[in-house]
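Open the model in your viewer and keep the selection panel at hand.

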Amino acid sequence: MNRESIIRHLTETEVVFDFIIIGGGATGLGIALDAATRGYKVALFEQADFTKATSSRSTKLVHGGFRYLAQGNISLVLEALRERGILRKNAPHIVKDQRFLIPCYRWWEGPFYFCGLVVYDFMSGVFRFGRSMCIGPKRSVKTIPNLRKKGLTAGILYHDGQFDDSRLAINMMRTAVEAGACALNYMKVTGLLKEHGKVAGVTVQDRETATVYQVKSYAVVNATGVFADSILQMDTPGKQPMVRPSQGVHLVLDASFLESDYAVMIPKTSDGRVLFAVPWHNKVVVGTTDMLMKETLEEPVALEEEIQFILDTAGNYLTRPPQRSDVLSIFAGLRPLAAPRGEGKKTKEISRSHKIIREESGLISIIGGKWTTYRKMAQETVDFAIRHIGLPMRNCVTESYPIHGSKPNPDFSDPLYLYGSDADEIRNLIASAPGMAEKLHPGYAYTVGEVVWIVRNEMPRRLEDILARRLRILFLDARAAVEMAPRVAEILAAEQTKDDAWKETQLNAFKELAANYILV
Ligand SMILES: Cc1cc2nc3c(=O)[nH]c(=O)nc-3n(C[C@H](O)[C@H](O)[C@H](O)COP(=O)(O)OP(=O)(O)OC[C@H]3O[C@@H](n4cnc5c(N)ncnc54)[C@H](O)[C@@H]3O)c2cc1C
């Protein structure tokens with residue numbers, strides 16, 4: 001996990017990797033994990049931090065996608081329900097069973113959604129999380145006290161999966177590294193190396209030192225999500241875009257907006273989409289939207305109409321409608337939808353399934369998909385590469401390969417439960433010196449010891465990496481994140497022996513970033 005020694009390994013030895021993976025989101029990390037656990041030599045390069053882009057900005061659901069069932073996409077739902085079950089088995093410390101309620105306000109909605117969910121449960125087979133139920137309006141209000149009562153005819157209870165996206169990714173990265181992979185963040189792929197017209201590696205630039213390296217590999221996989229076209233352009237300048245970025249926004253509210261452990265699913269909003277309000281780390285995540293975007297930004301910005309749409313829609317279903325001033329954090333993400341053949345399709349109609357494409361040069365790209373199905377996508381991509389690049393065949397093992405930290409029957413009331421089997425190590429560190437138990441914010445359980453452990457074990461390089469994707473506080477409460485930032489910057493600087501000027505730069509950069517998560 002030491003950056004300097006990984007870089008030395010890449011440059012001082014004449015290593016030729018079996019796989020170079022470009023992109024450290026769910027897709028790239030999944031492929032690195034799959035290939036490394038099959039015994040291949042793997043290097044993964046991420047231009048920013050792991051899950052900096054779309055993979056930290058999901059709705060936090062590991063789900064079959066009930067709405068894809070309504071669209072008739074049976075194979076996608078079947079696959080996702082199976083993957084949901086496998087993921088919960090392999091990462092029980094991060095993926096949990098979440099109970100949902102669908103409030104029904106028209107007489108036919110109760111029987112309609114209940115029948116759909118019976119099919120959904122049936123399709124889950126042995127991986128079923130729980131049985132769906134139709135309940136009356138009284139019990140629905142008891143389940144979610146803040147639900148609008150007027151006109152409520154029934155409620156449908158069902159089960160799906162919920163997770164912490166970035167924390168799963170960090171654990172996947174650690175699993176891949178433990179299986180022998182080299183994974184580096186802040187390493188941007190700037191070009192492709194070619195031999196006789198075939199891709200033979202990449203040029204990468206270390207974003208901390210600006211040093212450029214050339215690294216060789218038999219297979220190069222482009223797993224850069226919404227940025228996939230930029231890598232395809234390196235291969236074939238002028239190539240037609242393959243990706244349609246579609247923006248989705250979430251607002252984070254205090255848990256009192258639901259007063260319940262249940263999530264709410266609104267199956268049909270005014271724009272014909274689905275809106276979720278999901279309990280997450282003692283807050284409620286509400287979203288999302290679906291807006292076709294022209295630009296692919298590293299830090300997407302929520303549009304005013306998206307914010308208003310979420311507030312209005314949530315307000316229609318809650319007795320205490322959320323106001324702008326209630327929003328603790330706001331985040332936007334870009335879906336890497338594979339561009340459809342037919343023009344004029346609305347983004348909500350574009351399939352969420354993925355595409356694996358091979359260029360004449362041998363460059364392999366994987367586009368689209370869902371967090372939930374990352375494992376299957378990785379398996380297919382590695383199998384595809386083996387077939388087309390001519391690597392020796394080795395079987396996929398990830399179906400029953402525990403993710404780092406995996407621990408059965410976690411105690412979800414433990415503030416460190418997400419660390420799984422690492423939690424005891426953190427507790428020991430906290431107990432090792434008085435300063436380690438110091439709290440970082442009066443409203444939250446985070447301690448100095450937790451951050452020190454993260455810096456030593458989870459490869460954060462910048463202040464943002466800790467506050468946004470290791471602790472998640474930027475996504476939960478952006479103002480609290482800003483308040484914690486100076487102390488966390490001190491810890492990071494001390495652990496990495498950086499000077500005051502570096503600390504100041506980190507703080508200023510973080511404050512600027514956090515402004516995008518605060519709704520004024
Ligand atoms: C609003 C929203 C809600 C969602 N909710 C859910 C959900 O609840 N459940 C679910 O299953 N799915 C959900 N999804 C889908 C899921 O989040 C995505 O399918 C998944 O995160 C995509 O991962 P990825 O690795 O392909 O892309 P990304 O996470 O974007 O990763 C690509 C990475 O490549 C890096 N990169 C780009 N160029 C370079 C380069 N030149 N060199 C090195 N690195 C580079 C980027 O920095 C980035 O980190 C949601 C998506 C959105 C947008």
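Select domain 2 and domain 3: their C-alpha centres are 30 Å apart. The model is predicted: local features need pLDDT of at least 70, side-chain atom pairs count only at pLDDT 80 or more, and totals for chains, interfaces and linings use all residues. Residue numbers start from 1 along each chain as its sequence is written.

Colour domain 1 (3–54 + 166–242 + 349–400), domain 2 (73–162 + 244–341) and domain 3 (417–517). These bounds come from an automatic or database domain assignment.

Next, show where domains 2 and 3 touch. Eleven residues of domain 2 contact twelve of domain 3 (contact: C-beta atoms, placed from the backbone, within 7 Å). On the domain 2 side, S16 gives the most, with three residues.

Helices (H or I, at least four residues) and strands (E, at least two) are DSSP runs, numbered from the N terminus.

Last stop: helix H12, residues 448–457. Eight of its ten residues are buried, Trp453 among them. Buried means 20 or more other C-beta atoms, placed from the backbone, within 10 Å of the residue's own; exposed means 12 or fewer, and partly exposed lies in between. The cover includes helix H11 (423–432) and helix H15 (478–495). Just after H12, find Met459, with a positive phi of about 60°.

Terms used
Contact = placed C-beta atoms within 7 Å.
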